[in-house]
Amino acid sequence: MSIKQWTKTPKAWVFIAIAVSYSAAAYASHNMNGLRNGIVAIVAAVAVDVICGLIEKRKRIFPDGAVITGLIVASILSLTTSPWVVAGVSVIAILSKHLLTHKKKPVFNPAVFGLLVSILLFQSQQSWWGAFGDLPAWLLVLPVIGGYLVINRINKFPQVFTFLGTYFVLLFVLGTGTVHIGTSYLDAVGLSDALRPPFVNAAVFFALFMLTDPPTSPAKVRDQIVFGFLSAAVGVIAYGYLGGLMYLFIGLMTGNLYQWARSLSSARPRGASPTLKKVDKISV
């Protein structure tokens, strides 16, 4: 694939949009750790992606997706994160892309999987500095413009609008008191905190560049709406129970599981029984 052909692909648009936002955030933060972490994350992601591609004997090895994953990882991890941890998160993310697959497509968004696992393994901190959480609010216009161009390109507006609408409405409605769910109490009072920076910045960046990942999200409008609603609802509930910044990851991974389940059901012939299908195959 030539450079001219690549620039017309959705991945090229995503890369350009995130790269511009990342560069602006790194410059505005006046912290060289952003540049360092970005290089480390990209190098680690590309190296593992190329090695996995060679092992799988792929005809085309063009790690543009790995570059995007590295940039997202570096945009979200705190600027004080050790380079070794940054590299580790990128490695986990790319390994999930190659190991947790269905029909040669990743089941989970690689960056989200790596970041969620890193919380459990490394107790990593996410500041979402690349979403301008600690910088002037007007800078958020950069990822919004870039995200709009990307979403328009891949036709994901129903998914993004459903997610953001559900997310903010639930936070507003539930953030008025304590809500009883079953035998547990949801800390709904704390939900109102998610309506302030850097949480708002994180949600917007997340919706524009992570929720919309084509390989791990649906294409049909109806499925996009369900996917966006499910990711938002589970994310808000997770925030009420767990707090922190991993609630968005939990929400999206739930949506990814929904998409995986949908792909399994659509691949099975209507009226066919998995058990009978297996017996027939064995009998042959």
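Student: Does valine 14 count as buried or exposed, and why?

Tutor: This is a predicted model, so the reading applies to the prediction. A residue counts as buried under 20% relative accessible area. Valine 14 has 14% relative accessibility and therefore counts as buried. Valine 14 belongs to helix α2, residues 10-29.

Student: Which residues does valine 14 touch, leaving aside those up to four places away in sequence?

Tutor: Valine 14 touches Ile68 and Val150. For the chain, 76% of the contacts between residues at least 6 apart in sequence join residues at least 24 apart.

Student: At what angle do helix α4 and helix α6 pack?

Tutor: The angle between helix α4 (residues 64-76) and helix α6 (residues 110-122) is about 40°, and their axes are 9 Å apart. Angles under 35 degrees count as roughly parallel and those of 65 to 115 as roughly perpendicular; α4 and α6 are therefore oblique to each other. The crossing of α4 past α6 is right-handed.

Student: Which residues meet where α4 and α6 are in contact?

Tutor: From α4 come Thr69, Ile72, Val73 and Ile76; from α6 come Pro110, Ala111 and Leu115. These contact residues comprise 6 nonpolar, 1 polar and no charged. As a general idea, an α-helix has 3.6 residues a turn, so residues three or four places apart point the same way.

Student: How many residues of helix α9 are buried?

Tutor: Helix α9, residues 199-209, is mostly covered, with 10 of its 11 residues buried. Among them are Phe199, Asn201, Val204, Phe205, Phe206, Leu208 and Phe209. Of the 284 residues of the chain, 49% count as buried.

Student: What is the phi of lysine 104, and where is this residue placed?

Tutor: Most residues other than glycine have a negative phi. Lysine 104 is not a glycine, yet its phi is positive, about 65°. Lysine 104 sits in the loop between β1 (101-102) and β2 (105-106). Lysine 104 counts as exposed because its relative accessibility is 80%.

Student: What is the phi of asparagine 155?

Tutor: Asparagine 155 has a positive phi of about 60°, although this residue is not a glycine. The loop between α7 (141-154) and α8 (157-174) holds asparagine 155. With 55% relative accessibility, asparagine 155 counts as exposed.

Terms used. Residues numbered from 1 in each chain as written. Predicted model: local features only at pLDDT ≥ 70, side-chain atom pairs only at ≥ 80, totals over all residues. Heavy atoms only, no water. Helix = DSSP H or I, 4+ residues; strand = E, 2+ residues; numbered from the N terminus. Buried < 20%, exposed > 50% of the residue type's maximum accessible area, 1.4 Å probe, protein only. Contact = heavy atoms within 4.5 Å. Axes fitted to C-alpha atoms, helices over the stretch in contact; angles between N-to-C directions. Parallel < 35°, antiparallel > 145°, perpendicular 65-115°, else oblique. Left-handed = near helix turned anticlockwise from the far one by under 90°. Nonpolar A, V, L, I, M, F, W, Y, C, P; charged D, E, K, R; others polar.
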